[in-house]
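Colleague: Please take a close look at one part of this model, the aromatic side chains and what surrounds them. Give me the cut-offs as you go.

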Amino acid sequence: MLIIYIVLAILSYKYLPILKNKVNYEYQKKFNITIFSKESSKRPFIAAILILVGNFYKGSAKSAKVPINFGNILIIIGICIMIYVIYDTYRKTDFLYGTIAAGIYLFILGLQLLFGIMMIALVMISIAFLAIGNSNNNNNDPYY
């Protein structure tokens with residue numbers, strides 16, 4: 001599974017900017033908008049962060065017997081933001097181009113969620129290794 005993630009990362013790093021530039025050129029030519037600019041990428045990125053954080057809160061609050069917790073609310077807000085982004089894309093374009101852009105947005109959202117989870121796991125493993133390495137200090141020397 002790790003090999004699939006690595007291949008996916010390499011392919012997306014190589015081909016996603018090319019696809020983004022071609023799609024931006026076509027949308028600029030046909031509808032006079034840039035669909036993947038800094039401004040339009042903020043909302044899907046915020047949605048990905050809300051979904052990711054909501055997923056972690058949802059997992060940590062399973063012991064509390066509440067009908068809806070903070071994690072579910074964050075996930076719902078993130079999904080609502082993504083639905084608005086897709087609606088806005090359809091409003092600015094026609095059905096075919098809106099569907100293409102929505103598919104690319106959802107693919108990018110999935111990549112952001114996947115790599116976000118991988119980066120959080122990498123940071124947690126790094127902190128664990130640093131803590132293990134620091135516990136071998138037997139002579140209580142802080143500069144060891």
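Modeller: Tyr 84 is partly exposed, at a relative accessible area of 41%. The classes, computed with a 1.4 Å probe on protein chains only, are buried under 20%, exposed over 50% and partly exposed in between. This is a predicted model, so to speak of local features takes pLDDT of at least 70, side-chain atom pairs count only at pLDDT 80 or more, and totals for chains, interfaces and linings use all residues. Residues are numbered from 1 along each chain as its sequence is written, and side-chain values use heavy atoms, without hydrogens and water.

Tyr 84 sits three residues from Tyr 87 in helix H3, about one helical turn away. Helices are DSSP runs (H or I, at least four residues), numbered from the N terminus. The two tyrosines form a tilted aromatic pair, 6.4 Å centre to centre with 45° between the planes. Rings of Phe, Tyr and Trp (its six-membered ring) pair if their centres lie within 6.5 Å; planes under 30 degrees apart are stacked, over 60 edge-to-face, the rest tilted.

The structure holds five aromatic pairs. Another of them joins Tyr 27 and Phe 31: centres 6.0 Å apart, planes at 50°, so tilted. These two are four residues apart in helix H1, about one helical turn. Together with Tyr 97 they form one aromatic cluster.

Tyr 27 also belongs to the largest nonpolar core, which has 17 residues. Such a core is a set of buried Ala, Val, Leu, Ile, Met, Phe, Trp, Tyr and Cys residues joined through side-chain atoms within 4.5 Å. Among those with the most contacts inside it are Val 23, Tyr 27, Phe 36 and Tyr 105. H1, H2, H3 (70–92) and H4 (95–134) each give two or more residues to this core. H4 brings the largest share, six residues. In soluble globular proteins, nonpolar side chains tend to be buried together.

Val 23 shows the packing. Beyond its neighbours within four places in sequence, Val 23 is in contact (heavy atoms within 4.5 Å) with Ile 35, Phe 36 and Ile 104.

Asn 32 counts as exposed, at 59% relative accessibility.
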